[in-house]
Amino acid sequence: MRDLLDEYTFARRIAGKSIGLQFQVYPQLDFRNRLVEMPRGLEVLTSVGGIDYGTVHPTALVVVSIVRDHSDDVPAIGQPKGKAWVREVWFNDGRDSGDTFELNFNRNRLERKFGVYRWGADPNERFMAKNDPASVQNVAGARHAREYRIGLVTARLNQDKLFFDLNGEGVPGLYNEMRRVHRYKTRDGRIELRRYLDDRAAALEDAIEVIDGRVYRTMPSPMQRRYRQTGRVRELRRV
């Protein structure tokens with residue numbers, strides 16, 4: 001039986017041992033602790049944020065600062081520039097997670113506190129699409145766009161260019177959430193990302209795309225489709 005199963009499956013299902021998550025998205029967080037105190041005196045180059053807005057799931061804001069990294073003096077093709085530090089996380093997982101006043105109040109508070117100049121937001125969020133302040137940019141919204149953002153975060157982790165401030169408000173909670181983000185195998189053998197209690201992680205990924213990826217300066221305009229049989233109108237969004 002051991003020869004027929006991989007190490008994880010045998011330990012969990014046969015040996016009855018708990019050895020963590022299978023298909024973990026960010027295993028680097030288990031290999032090296034990146035939740036540490038942010039050193040004083042770092043030269044902060046810029047700060048950005050990520051927004052994951054929800055009405056049926058929690059809402060999260062994440063602030064990331066880029067500090068000077070002298071290893072960039074020796075350029076490497078494709079290597080992320082600067083070291084990213086997660087500074088603060090605001091998280092609303094209560095009954096009123098879609099409270100837009102709370103969202104805007106805390107977004108403005110974090111902008112003033114850290115000098116955030118740009119936010120990355122999921123284009124599929126209706127509220128963010130209809131309320132497009134100048135400081136909000138649209139991240140990629142295609143079907144596999146989140147896998148792309150995961151790749152950007154992975155690149156920073158592999159290059160030791162992403163760290164989490166232990167003393168930052170809400171940051172330890174984000175760190176622990178990212179360690180739980182994982183994929184699962186479907187019945188037909190496909191490996192899919194499990195979207196469950198990962199809103200803070202998604203907001204961080206949006207912020208990293210503002211820094212390292214392609215962002216879209218305008219939110220996609222909504223389209224409406226009317227069904228003749230029922231008269232119902234469904235709002236669609238170009239992604």
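Q: Which residues of α7 are buried?
A: Asp199, Arg200, Ala201, Ala202, Ala203, Leu204, Glu205, Asp206, Ala207, Ile208, Glu209 and Val210. Buried means under 20% relative accessible area, exposed means over 50%, and partly exposed is in between, with a 1.4 Å probe and protein chains only. Helices (H or I, at least four residues) and strands (E, at least two) are DSSP runs numbered from the N terminus.

Q: What kind of model is this, and what pLDDT do local features need?
A: This is a predicted model in which local features need pLDDT of at least 70 and side-chain atom pairs count only at pLDDT 80 or more, while totals for chains, interfaces and linings use all residues. Residues are numbered from 1 along each chain as its sequence is written, and side-chain values use heavy atoms, with hydrogens and water left out.

Q: Back to α7: how many of its residues are buried?
A: 12 of the 14, so α7 is largely enclosed by the rest of the structure.

Q: And what does α7 reach from its first C-alpha to its last?
A: α7 reaches 20 Å, close to the 20 Å expected at 1.5 Å a residue. The expected span is 1.5 Å times one less than the number of residues in the helix.

Q: At roughly what angle do the axes of α6 and α7 cross?
A: Roughly 95°, and the axes of α6 (residues 171-180) and α7 (residues 199-212) come within 8 Å. The two helices are therefore roughly perpendicular to each other. Axes here are lines fitted to C-alpha atoms, for helices over the stretch in contact, and angles run from 0 to 180 degrees between N-to-C directions. Under 35 degrees counts as roughly parallel, over 145 as roughly antiparallel, 65 to 115 as roughly perpendicular, and the rest as oblique.

Q: Which residues make that contact between α6 and α7?
A: From α6, Gly173, Leu174, Glu177, Met178 and Arg180; from α7, Asp199, Arg200, Ala201 and Leu204. Contact means heavy atoms within 4.5 Å. By class there are four nonpolar, one polar and four charged residues. Ala, Val, Leu, Ile, Met, Phe, Trp, Tyr, Cys and Pro count as nonpolar, Asp, Glu, Lys and Arg as charged, and the others, Gly among them, as polar.

Q: What about α5 and α7, where do their axes sit?
A: The axis of α5 (residues 145-158) comes within 9 Å of that of α7, and the two cross at roughly 75°. That makes α5 roughly perpendicular to α7. The α5 side of the contact consists of Arg146, Tyr148, Arg149, Ile150, Leu152, Val153 and Arg156, and the α7 side of Ala201, Ala202, Glu205, Asp206, Ile208, Glu209, Ile211 and Asp212. The classes are eight nonpolar, no polar and seven charged.

Q: What happens just after α5?
A: Asp160 takes a positive phi of about 55° there, in a residue other than glycine. Asp160 is in the loop between α5 and β7, and at 29% relative accessibility it counts as partly exposed.

Q: And Lys161, buried or exposed?
A: Lys161 counts as buried, at 1% relative accessibility. Its place is also given as the loop between α5 and β7 (162-165).

Q: Which side chain does the Lys161 side chain join in a polar contact?
A: That of Asp69, at 2.6 Å. A polar atom of the Lys161 side chain also lies 3.4 Å from the backbone oxygen of Pro80. A polar contact is a pair of N or O atoms within 3.5 Å; within protein, one must be able to donate a hydrogen and the other to accept it, and residues adjacent in sequence count only if both atoms are side-chain atoms.

Q: Changing topic: where does Glu88 lie?
A: In strand β4 (residues 83-92). Glu88 counts as buried at 1% relative accessibility. Its side chain makes polar contacts with the side chains of Arg109 at 3.0 Å and Lys113 at 2.6 Å.

Q: How far apart are Glu88 and Val63?
A: They are 25 residues apart in sequence and 5.5 Å apart in space, C-alpha to C-alpha.

Q: Overall, how many helices and strands does the protein have?
A: Seven helices and 12 strands. Of the 239 residues, 45% count as buried.
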